[in-house]
Amino acid sequence: MAAEIVNPRSDSSTDQGSSEEPFDPAFALHRGGKMAVRATVPIRDRDDLSLAYTPGVAKVCTAIAENPDLVHDYTWKSQVVAVVTDGTAVLGLGDIGPEASLPVMEGKAILFKQFGGVDAVPIALATTDTDEIIETVVRLAPSFGGVNLEDISAPRCFEIERRLQEALDIPVFHDDQHGTAVVTLAALRNAAKLTGRTLGELRGVISGAGAAGVAIAKFLLEAGLGDVAVADRKGIVSRDRQDLTDVKRELAEITNKAGLTGSLETALAGADVFIGVSGGTVPEPAVASMAPGAFVFAMANPNPEVHPDIAHKYASVVATGRSDYPNQINNVLAFPGIFAGALQVRASRITEGMKIAAANALADVVGDQLAADYVIPSPFDERVAPAVTAAVAAAARAEGVARR
């Protein structure tokens, strides 16, 4: 049987809490929430009840107490992910708090199910304290096979993920960082292939040194990008700056081999790749100063840093974060399959190799259809999740983090 939430409204003329307000389909869809808990076994009579609950359940509990690994076989643990947030960096809305973040976390959970066949539970925490978040997630971890950190502001998100990875033996994955990086690499690989270049020949510029910008920079360099400079609100992240956080100081050590200083616009002169994860607007002359055949991935929502109409004047490949333009860099292409693959083999963590495998598999889905307006597949391409899942599972086994 199912514990389903039914929309109590029979009148769809208004749906924002006031009869004077016009109908809004977003409010109508979200009324009552977007999720429900459904039983996977029937409870039709006394025999069913005695097996699903007492006394039958006691046998299973005793077996797990004697052999804790059995929890993966006789509970939902290996099939479910906790989607954890503190509500401090929700979409483009910023710090709106845990309650207001729940519609997004519910959305994330149903994307896990729809695109990866993975069950997920939204957990919004009433704290922004780093230690309290870590302690809470560690205490919750026995119920879950993985943890997806979501919409936690930088720089705390880096420490939270690192410490949870160290404390737990299940995958911990901050999607704002790594999901974005995986899909970006996949699109960039195909853009380079389309134009007859390798990653090593490209110099990139990233606008934004938050969670996504830092992760993308590190990941692209790991994958073989020639060079990348990252710019924050004060300009290019470089070793000579005295105002850098610990995270940005570490970033300065591995990026910007060209030794550029100054503004984002300065860095763009002659650059092969622009990646925007910051918002704001890049002036058209700066885009025009990029190298011939450049790539512009302007991923801010709803307003890309470079409007596609302007980008197409100068770039050979243009991508955004929006669904109404070709080449959408959408995290849903990555995280469902990554977790599905990790859970399938009971991986203890998600490695760099597993993420690179996911990016390669995603890029390969495009195949012979590769074109300037098709360097990344659609989230609704049914080949995506199975390809990513299989690649991640194989990489986990190859890297020694799989436990089955």
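## The second largest pocket

Strand 4 gives the most to the lining of the second largest pocket, with four residues. Strands here are DSSP runs of E with at least two residues, helices are runs of H or I with at least four, and both are numbered from the N terminus. A pocket, on a 1 Å grid over the protein atoms alone, is an open set of points with protein on both sides within 12 Å along at least five of seven lines; a cavity is a set of points where a 1.4 Å probe fits but cannot get out, and lining residues have an atom within 4 Å of a point. Before going on, note that this is a predicted model, where local features need pLDDT of at least 70 and side-chain atom pairs count only at pLDDT 80 or more, while totals for chains, interfaces and linings use all residues. Residues are numbered from 1 along each chain as its sequence is written, and side-chain values use heavy atoms, with hydrogens and water left out.

Strand 4 (119–124) gives the most to the lining of the second largest pocket, with four residues. Strands here are DSSP runs of E with at least two residues, helices are runs of H or I with at least four, and both are numbered from the N terminus. This is a predicted model, where local features need pLDDT of at least 70 and side-chain atom pairs count only at pLDDT 80 or more, while totals for chains, interfaces and linings use all residues. Residues are numbered from 1 along each chain as its sequence is written, and side-chain values use heavy atoms, with hydrogens and water left out.

On a 1 Å grid over the protein atoms alone, a pocket is an open set of points with protein on both sides within 12 Å along at least five of seven lines, and lining residues have an atom within 4 Å of a point. Grid points are joined across faces, edges and corners, and a volume is the space filled by probe spheres set on the points. The lining runs to 22 residues, and Ala36, Val37, Arg38, Trp76 and Asp119 lie nearest the centre. Strand 2 (37–38) and helix 5 (98–116) also supply at least two residues each. By class, the lining has 14 nonpolar, three polar and five charged residues. Ala, Val, Leu, Ile, Met, Phe, Trp, Tyr, Cys and Pro count as nonpolar, Asp, Glu, Lys and Arg as charged, and the others, Gly among them, as polar.

Searching the whole structure turns up one cavity of 30 Å³ or more, a cavity being a set of points where a 1.4 Å probe fits but cannot get out. The largest cavity holds about 60 Å³ of space. Its lining includes His72, Lys77, Gly145, Pro171 and Arg346, and the lining residues split into five nonpolar, three polar and three charged.

Most residues other than glycine have a negative phi, and most peptide bonds are trans. Arg346 from the cavity lining has a positive phi near 50°. Arg346 sits in the loop between helix 14 and helix 15 (352–366) and is buried, with a relative accessible area of 14%. Buried means under 20% relative accessible area, exposed over 50%, and partly exposed in between (1.4 Å probe, protein chains only).

Asp151 also has a positive phi, about 55°, without being a glycine. Asp151 lies in the loop between strand 5 and helix 7, and at 3% relative accessibility Asp151 counts as buried. That loop, between strand 5 (146–149) and helix 7 (156–167), holds Pro155 too, and the peptide bond joining Ala154 and Pro155 is cis, with omega about 5°. Another cis bond runs from Thr54 to Pro55, with omega near 10°; Pro55 is in the loop between helix 2 (46–52) and helix 3 (56–66).

## Aromatic rings

How many aromatic pairs are there? The count comes to four, where rings of Phe, Tyr and Trp (its six-membered ring) pair if their centres lie within 6.5 Å; planes under 30 degrees apart count as stacked, over 60 as edge-to-face and the rest as tilted. The rings of Phe173 and Phe339 have centres 5.7 Å apart and planes at 85°, so this pair is edge-to-face. Phe173 is in strand 6 (residues 172–174) and Phe339 in helix 14 (residues 335–344), so the pair ties together parts that are 166 residues apart in sequence.

Phe173 and Phe339 are both buried. Together with Phe112 and Phe335, they form one aromatic cluster.

Strand 10 pairs in the parallel sense with strand 7 (residues 203–207) over four bridges, two strands being paired if DSSP finds at least two bridges between them. Val273 is the bridge partner of Gly204. Strand 10 also pairs in the parallel sense with strand 11 (residues 294–298), over four bridges, and Ile275 stands opposite Phe297 there.

## Cysteines

The structure holds zero disulfides, a disulfide being a pair of cysteine sulfur atoms within 2.5 Å. Cys61 is partly exposed at 46% relative accessibility, whereas Cys157 is buried, with a relative accessible area of 1%.
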